[in-house]
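Have the model open while you read.

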Amino acid sequence: MGLQAVRDVSLDLLGPDGVSDSGADLRSYSCDGLTGWRETPGLVVLPRTTRQVATIVSACARNGVPFVARGSGTGLSGGALPDAGGVLIVTARMRQIVSLSPEDRTAVVEPGVTNAAISAAAAPHGLYYAPDPSSQIVCSIGGNVAENSGGAHCLKYGFTTNHVLGMEVVLPDGTVTWLGGESWEAPGYDLRGVFIGSEGTLGIATKVAVRLLPIPESVSTLVADFPSPAAAGEAVTSIVAAGIVPAAVEMLDHLAIQACEAATNAGFTLTAGAALIVELDGPAADCEASFDLVRQHCTEAGATGIRVAADAVDRATIWRGRKAAFAAAGRLSPSYFVQDGVIPRTALGTVLERIAALAAEEGLRVANVFHAGDGNLHPLVLYDPAVEGQHGKADRLATRIVEICVQEGGSITGEHGVGVDKACSMPKMFTPDDLAAMRRVRDAFDPAGIANPGKVFPTPRLCGDRPGPYTPHPAEVAGLAERM
Ligand SMILES: Cc1cc2nc3c(=O)[nH]c(=O)nc-3n(C[C@H](O)[C@H](O)[C@H](O)COP(=O)(O)OP(=O)(O)OC[C@H]3O[C@@H](n4cnc5c(N)ncnc54)[C@H](O)[C@@H]3O)c2cc1C
């Protein structure tokens, strides 16, 4: 009944073109990048303006209907997983660059604008938007805000929270307000900071004010080959200990190299035990001096070969190779879990050894590709769902990897968020009191609990009722039924 009322309001407001409530349409929104979790939404709406978002959210609030915001659906923790009895509010039609001020080095954009589109709009002014998730050509700035997304260059430049000045937000009761603003410093509590990383549980961002940086004068990039990830890890430690702050330090292990090279021909050395991509940027003179030191540290740590990017095209090829890593893992295995955890940088060698030992115990392979500079691991746990028992083993291994991260003083997620996937892992990091304090923050924004319910916080329902990755139903295997 409540959902019907929201549907009527949405149809009046957006017309049939902006509302989906038929089976096939609804099912196409049933998951994000974490495809093992699926739920068909009750209704999908595609608003174009803040006013339309606010009107729909008000209707949800009046009728007690849950809503979930969705940007581009590239999230890897099930954050945009719909609610079966709720409304999925998709920002794909909110893609305007509202304003861009080269003088102030700021821009205000709508939430559906892709991360890469901000830099493209700023480029003619010699500016760019620094956070660079590997999904940047598709993921939305609204999703980046909700997940506090990072990327290869966040080692030097910081995460989304360091580059977003404020957001226009539709609160869960339909009120429209700004958190933060377009200027650098706002008095009072940092509600902007509270909203960033809140995974859609505090409302919907309808405009985002970002800061832009000057495109660096000079960029130097190298790929160093090492016999093992441990040796590459030593190079990272000594580069950072020497006081050099690279723009990015990324590592691929042997398996990840095979996958990326097969998918992109980026020129990685197939025989290497690990490859380190190190990029420096800034004033040309600084860059040049530090680059020589980086080469020296790599050589001293046992690098067996160093390739320096010859020009911008070569650099782009290297990054294309690295940024394709998740998709490229499909070359190694029919299926895999992308894990996301953080460890202290100095624990890199120990943790990789522990992961390898656990993988051997389970009889599975793990490819590692990660932001080595800030200790953000992305182990790819490879498995074949057609092999009896492998999915269970892979799931267990992925969970144990996160436990190792916490034991080593790290975190259950670096940048992909908690979503539904890791809600059950929250008690591994936080006490009941911690979680209760977080709930009180959430309740202050959303006392009725209608904004993205079931995410971030552990609930008995989710913990006891965990749907796994897709496995074919016997009726499908027998050709008697088809999954839509
Ligand atoms: C191949 C690949 C590579 C990736 N690489 C990286 C990486 O390097 N770094 C990284 O951090 N992430 C990475 N990701 C994860 C993902 O791209 C990011 O989390 C991204 O920010 C999600 O944006 P989205 O628009 O797809 O959001 P969605 O998946 O649509 O939503 C993500 C969350 O944001 C909420 N949300 C969306 N829009 C809004 C809004 N306007 N207001 C409030 N809440 C909203 C949703 O409810 C959900 O909780 C990668 C994903 C893939 C598939």
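## The five-stranded sheet

Let's start with an open sheet of five strands, ordered β5-β6-β10-β8-β9 and paired in the antiparallel sense. Strands here are DSSP runs of E with at least two residues, helices are runs of H or I with at least four, and both are numbered from the N terminus. Two strands count as paired if DSSP finds at least two bridges between them. At the edges sit β5 (97-101) and β9 (176-180), each with pairing on one side only. From one strand to the next, the twist averages 15 degrees.

Before going on, keep in mind that this is a predicted model: local features need pLDDT of at least 70, side-chain atom pairs count only at pLDDT 80 or more, and totals for chains, interfaces and linings use all residues. Residue numbers run from 1 along each chain as its sequence is written.

Back to the sheet. β5 and β6 run antiparallel and are joined by four bridges, with I97 opposite V109 in β6. Their hairpin has four residues between the strands, and R105 takes a positive phi near 55 degrees there. On to the next pair: β6 (residues 106-109) and β10 (residues 204-211) are antiparallel too, over four bridges. V109 turns up again here, standing opposite V208 in β10.

Helix α4 (residues 115-122) lies across β5, β6 and β10, and runs at about 135 degrees to β6. Contact means that the C-beta atoms of two residues, placed from the backbone, lie within 7 Å. Angles run from 0 to 180 degrees between N-to-C directions, with axes fitted as lines to C-alpha atoms, for helices over the stretch in contact.

## The four-stranded sheet

There is also an open sheet of four strands, in the order β1-β2-β4-β3, and its pairing is mixed. Its edge strands are β1 (19-20) and β3, each pairing on one side only. Strands β2 (residues 43-45) and β4 (residues 87-90) run parallel, joined by three bridges, and L43 has V87 in β4 as its bridge partner.

Helix α1 (residues 2-14) packs on this sheet and touches β1, β2 and β4. α3 lies across β2, β3 and β4. The helix directions compare with the strands as follows.

| Helix | Reference strand | Angle |
|---|---|---|
| α1 | β2 | about 25 degrees |
| α3 | β4 | about 165 degrees |

## Domains and their contact

How is the protein chain divided? It falls into domain 1 (2-90), domain 2 (97-214) and domain 3 (218-327), with bounds that come from an automatic or database domain assignment. The C-alpha centres of domain 1 and domain 2 are 22 Å apart. Across that boundary, 14 residues of domain 1 are in contact with 21 residues of domain 2. On the domain 1 side, α3 (50-63) and β3 each supply at least two residues, and the largest share, six residues, comes from α3. That side of domain 1 splits into seven nonpolar, seven polar and no charged residues. For the classes, Ala, Val, Leu, Ile, Met, Phe, Trp, Tyr, Cys and Pro are nonpolar, Asp, Glu, Lys and Arg are charged, and the others, Gly among them, are polar.

## Around the ligand

Where does the ligand lie? Domain 1 and domain 2 both give residues to the shell around the ligand, so it lies between them. The ligand is surrounded by 37 residues, the closest being G71, G79, G142, G143 and G200; a residue is near if its C-beta atom, placed from the backbone, lies within 6 Å. β3 (67-70), α5 (141-147), β10 and α12 (325-328) each supply at least two residues of the shell. The largest share, five residues, comes from α5. By class, the shell has 12 nonpolar, 20 polar and five charged residues.

## The whole chain

Zooming out, the protein chain has 18 helices and 20 strands. Its radius of gyration is 23 Å, close to the 23 Å that the globule rule gives for 484 residues, so the chain is as compact as a globular protein of that length. The radius is taken over C-alpha atoms, and the rule is 2.2 Å times the number of residues to the power 0.38. Along its principal axes, the C-alpha trace spans about 70 × 60 × 45 Å.
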